[in-house]
Amino acid sequence: MRAYNFCAGPAALPTAVLEKAQAELLDWHGKGLSIMEMSHRSKDYVAVAEKAEADLRKLMNIPENYKVLFLQGGASLQFSAIPLNLLGKNSKADYIHTGIWSEKATQEAQRYGDIHIVEAGTTIEGKLAISEQSTWDLSDDAAYVHYADNETIGGIQFANIPETNKPLVSDLSSSILSAPLDVSKFGLIYAGAQKNIGPAGLTLVIVRDDLLDQAKPEIPSLLKYGAQAKNDSMVNTPATYAWYLSGLVFEWLLEQGGVDAMHKTNLEKSKLLYGYIDSSDFYNNPIAVQNRSIMNVPFTLADAALDKLFLKEAEENHLLNLAGHRSVGGMRASIYNAVPLEGVQALVNFMDDFAQRNG
Ligand SMILES: Cc1ncc(COP(=O)(O)O)c(C=O)c1O
C-alpha cells in the first residue's frame with residue numbers, strides 16, 4: 001500500500017506517474033532498453049526532453065522570449081549561478097528576506113557582490129507575516145531583486161508578486177506549478193525539481209532572453225545561462241532520468257486540467273488543514289492568514305513532549321514525514337500537487353483523534 005507522504009522534498013510523486021515509469025522501465029517504447037541507458041543526444045531522448053519542455057511551456061504559459069533550462073546542482077547552485085550571471089558591473093543586488101531559504105540565497109550571493117538585504121518579515125497580531133512592499137527599503141541601482149516566493153521551512157508565502165522595474169528573480173522551489181503565475185513579470189525563475197516537478201537531481205531555470213549573456217567570463221561554462229541555452233541544457237550530460245520523469249509529471253498535470261485545476265485542489269487542501277488547526281486549541285500555526293503557504297503547513301502541538309508519539313502514531317496510520325525541519329522542530333505537512341485531498345483529510349482525521357486522546 002502507498003502511504004500519504006508529506007515530505008518537504010524529495011516529495012510525493014503521483015502514483016500514476018510512477019506506474020508509467022515502472023511499466024516502461026526495462027523496455028522504453030519497444031526500443032529494448034531503459035531510457036536511463038540511452039544517449040542524451042539520441043533522437044529518441046531529445047524528443048522526450050523537448051516534449052517535457054513543450055508541456056511545461058503549456059502548463060506555465062511561458063512566453064517565447066524565455067528559455068527553459070534543465071540543469072543540475074539543485075536550487076542551491078542557483079544561489080551562486082544567479083549573481084555570477086546577473087550582477088553585472090556595479091555588482092549590486094537586492095535580496096528580500098523572509099526566512100531561511102532567502103537567507104541562504106543571500107549568503108551565497110554575498111560572496112560575489114554588494115548585496116542589500118531588504119527585510120520583509122514582520123508580525124501581525126502575534127503572527128509572522130510579510131510586510132507591505134511600501135515599507136521595503138529597495139535600492140535604485142540593484143542589478144536585480146531576489147525573493148523566495150514560498151519559504152518551505154517557515155511555511156510563509158508572498159500574497160503578491162513584488163513590483164519592481166528591475167529584473168525580478170524568484171526561488172519557486174516549493175511553489176512552482178501550485179498556482180497560476182504570470183511568468184512575464186520575472187527576469188528569472190528557478191526551482192529544485194524534488195517538490196512539485198519530479199525527482200531530485202534536476203533544477204529548472206526559466207530565464208528571459210535579455211539576461212542570458214551577462215555572465216562573468218571566468219565562471220564555469222556549466223553555470224552560464226547563455227551557454228546552457230545555446231546547447232539546449234546539454235553542455236554536458238544532463239540528469240536524463242529526472243528530466244524524463246519530470247516530463248511524465250507535466251503530462252499528468254495536463255491530464256488533471258493543468259495548473260488552474262491544481263490550484264483549486266491546493267486551495268481546498270490548505271483550507272481544510274488550516275481550518276482544522278484554527279478550530280483546535282491543541283494545534284497552532286504561526287503564520288498570518290494572508291501569508292500562509294498553500295504548500296507547506298508547519299504546526300506545533302500544545303505540548304512538544306507529545307511530538308515523538310504524534311510522529312510514531314502518524315506513521316502507523318500511513319501518514320509519513322510530518323516532522324518539521326530540523327532547524328525549527330514541530331511538525332510540517334507538505335501538501336504538494338501529488339498529495340491528494342483524501343491524504344489531507346486522512347491527516348486531519350488523525351490529528352483530531354490524536355488531540356482528543358492527548359489534549
Ligand atoms: C525554497 C527553497 N529553496 C532552495 C532549496 C534548496 O534546494 P536544493 O536542495 O535543490 O539545493 C530548497 C530545498 O528545500 C527550498 O525549499
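This is a predicted model: local features need pLDDT of at least 70, side-chain atom pairs count only at pLDDT 80 or more; totals for chains, interfaces and linings use all residues.
A polar contact is a pair of N or O atoms within 3.5 Å.

In Gln-194, a side-chain N or O atom is 2.9 Å from an oxygen atom of the ligand. For Lys-195, the corresponding distance between a side-chain N or O atom and an oxygen atom of the ligand is 2.7 Å.

The chain as a whole is divided into two domains, with domain 1 covering 15–256 and domain 2 covering 257–358. Taken over C-alpha atoms, the domain centres are 26 Å apart. On the domain 1 side, 29 residues are in contact with domain 2, and 29 residues of domain 2 take part in return. Between them the two domains bury about 2300 Å², and carbon and sulfur atoms account for 55% of that area.

What kinds of polar interaction cross this interface? The rule finds zero salt bridges between domain 1 and domain 2. It does find 18 residue pairs in polar contact across the interface, both residues being at pLDDT 80 or more. On domain 1, the side that touches domain 2 draws at least two residues from each of β6 (127–130), β9 (156–157) and α6 (240–255). Sorted by class, that side of domain 1 consists of 16 nonpolar, 10 polar and three charged residues.

Salt bridges are present elsewhere, and the count for the model comes to 15. One of them joins Glu-251 to Lys-51, with the closest N and O atoms 3.1 Å apart. Glu-251 is in helix α6 and Lys-51 is in helix α2, so this pair ties together parts that are 200 residues apart in sequence. In general, side chains of opposite charge can pair when their charged atoms come close.

The backbone has some points to check by eye. Most residues other than glycine have a negative phi, and most peptide bonds are trans. Against that background, the peptide bond from Gly-9 to Pro-10 is cis, with omega near -5 degrees. Pro-10 is placed in the loop between β1 (4–5) and α1 (15–23).

His-29 sits in the loop between α1 and α2 (43–60). Asn-321, likewise a residue other than glycine, has a positive phi near 60 degrees. The loop that holds Asn-321 runs between β15 (319–320) and β16 (331–334).

Note on methods:
Residues are numbered from 1 along each chain as its sequence is written. Side-chain values use heavy atoms; hydrogens and water are left out. Domain bounds come from an automatic or database domain assignment. Contact means heavy atoms within 4.5 Å. Buried area is the accessible area (1.4 Å probe) that two parts lose on being put together, summed over both. A salt bridge is a side-chain nitrogen of Lys or Arg within 4 Å of a carboxyl oxygen of Asp or Glu. A polar contact is a pair of N or O atoms within 3.5 Å; within protein, one must be able to donate a hydrogen and the other to accept it, and residues adjacent in sequence count only if both atoms are side-chain atoms. Helices (H or I, at least four residues) and strands (E, at least two) are DSSP runs, numbered from the N terminus. Ala, Val, Leu, Ile, Met, Phe, Trp, Tyr, Cys and Pro count as nonpolar, Asp, Glu, Lys and Arg as charged, and the others, Gly among them, as polar.
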